[in-house]
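Work through these exercises with the model open beside you. Each task is followed by a stepwise solution.

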Amino acid sequence: MGFIKGLNLKKAITLFSMFILFGTNMLFAQGTDATPAKVDWLEVGYYVLMFIIACLGIAVIGKILKVYDLSLKMQGKKGIKWNNFMAFLCLIFLIVGLAAAYWSLTVQGSMTLPEAASKHGVDIDNMFLVTSLLTLTVFFITQILLFGFSFYYRKSEKRKAYYLPHNNTIEKVWTVIPAIVLTVLVVFGFFTWQEIENSTEVKGDLNVEITGHQFGWYLRYPGKDGKLGTVNYTLVNAQNSVGLDTKDPNSTDDLQADTLVFPVNKPVRLNIRAHDVIHSVYMPHFRLQQNAVPGLPTFFKFIPTITTAQMRVKTDNSKFEYLLYCNKICGGGHYNMQKVVRIVTEEEYLVWIAKQKPFLNIPAPAKPEVKAPEVKVAALNKDADKKVIANRLALNN
Ligand SMILES: [Cu+2]
């Protein structure tokens, strides 16, 4: 009896603390859009106080029940039926839990991801939907069975428990069915990912290079030749932020940009690099995320399908912009690694690309060296220093 008394109170408190913790979790999760949620400590204090009061309340109820139980026994009556009490708690937990899960799905579910704006994004969303529907069905069925059984088959004097040591058929059913379902999901995911990644053919695509560094992105567009020049990390310096190899003829017309601009419905290949630590190119609208690893170039090929202008109409937000984020906690300025991504029509893209500046001011082929007067050299150096500073400012955006 003492065992039951001691445990019930503990279980009840644990159960209640779980509810309270979920409440606090919701409080922290309610940030708006891209701005991080500001923690209102007064509100947090309120929840903590509520939690303490609730614990005290449960402790008091537990004591009252204990006294009531003892007084019943002193009168020679049967005590409280703790089995029934716990069974009803299970039932309450099931109902409240299912209602909370439904609320979370309907309210928070819509806050997850915006509409997919890339071709493969629709496939990923479909896969996500199928996986969610399957796992949710299993979740609801198993929870109802688990707590429903605990309630329905609570200990009763009128009923004798059926002893079931082992049943091969049941074992087979609950092993084979999940195995098949999981295999289907994994194969489905494998083929979807394969289709997205299996695109090494770059001919005719727009090749854009994006290099992550602490804390920003260097963007490089190919010039009229449509080819990006080769890079070499040993050539990186203040003027040459990505280490562009000037000896490569493809490098001469490469362009720098501050915004990622892509023409709609054209395959884009993002060539991803990093200078210092691991960064991650993350563009949620396009269902695109790929790590930027130093020394290991990666890429991601995708086809944007909705222009920024179309999305502004769809979202009824005239200031809407697609964004690129860094999705690896890469250091103190990580939060600042954001860039605007603009999807435009082919014509708009051609107008925009024509305005972009060359990536490097590649010097003309070397002429025979002429010794310049000393004063002039000093003046030139002064100018060069200024140029470096200006370049740094331009690139460290
Ligand atoms: Cu980063």
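**Exercise 1.** In this predicted model, find the bridge partner of Leu260 in β10, then work out which strands flank β10.

*Solution.* 
Step 1. Leu260 has Val341 as its bridge partner in β10.
Step 2. That bridge belongs to the pairing of β4 (residues 260-263) with β10 (residues 338-344), which is parallel and has 4 bridges.
Step 3. Now look at β9 (residues 322-326). It runs antiparallel to β10, and 4 bridges join the two. Leu324 bridges to Lys339 of β10.
Step 4. β10 therefore sits between β4 and β9, as the strand order β4-β10-β9-β6-β7 shows.

**Exercise 2.** Complete the description of this sheet: which strands stand at its edges, and which helix packs on it?

*Solution.* 
Step 1. The sheet is open, has 5 strands and shows mixed pairing.
Step 2. β4 and β7 are the edge strands. Each has a single partner, so one side of each lacks a neighbour in the sheet.
Step 3. From one strand to the next, the twist averages 20 degrees.
Step 4. At the β7 end, β6 and β7 pair antiparallel over 5 bridges. His279 stands opposite Ala292 in β7.
Step 5. The helix is α7. It packs on the sheet and touches β4 and β10. The directions of α7 and β4 make about 140 degrees.

**Exercise 3.** Locate Ile353 and decide whether to class this residue as buried, partly exposed or exposed.

*Solution.* 
Step 1. Ile353 lies in helix α7 (residues 346-354).
Step 2. Count C-beta neighbours inside 10 Å: Ile353 has 17. Buried needs 20 or more, and exposed needs 12 or fewer.
Step 3. Ile353 therefore counts as partly exposed.

**Exercise 4.** Give the strand order of the 6-stranded sheet and find its edges.

*Solution.* 
Step 1. The order is β8-β5-β1-β2-β3-β11, in an open sheet with mixed pairing.
Step 2. β8 (298-302) and β11 (357-358) each pair on one side only, which marks them as the edge strands.
Step 3. Within the sheet, β1 (residues 206-213) and β2 (residues 216-221) are antiparallel, with 5 bridges.

**Exercise 5.** Does helix α2 lie largely in the open or buried, and what span should its 34 residues have?

*Solution.* 
Step 1. At 1.5 Å a residue, the 34 residues of α2 (residues 41-74) should span 50 Å. The end C-alpha atoms are 49 Å apart, which agrees.
Step 2. The number of buried residues in α2 is 0, so the helix lies largely in the open.
Step 3. Gly76 follows α2, with a positive phi near 80 degrees.
Step 4. For the whole protein chain of 397 residues, 14% count as buried.

How values were computed: Residues are numbered from 1 along each chain as its sequence is written. This is a predicted model: local features need pLDDT of at least 70, side-chain atom pairs count only at pLDDT 80 or more; totals for chains, interfaces and linings use all residues. Two strands pair if DSSP finds at least two bridges between them. The expected span of a helix is 1.5 Å times one less than its number of residues. Axes are lines fitted to C-alpha atoms, for helices over the stretch in contact, and angles run from 0 to 180 degrees between N-to-C directions. Two residues are in contact if their C-beta atoms, placed from the backbone, lie within 7 Å.
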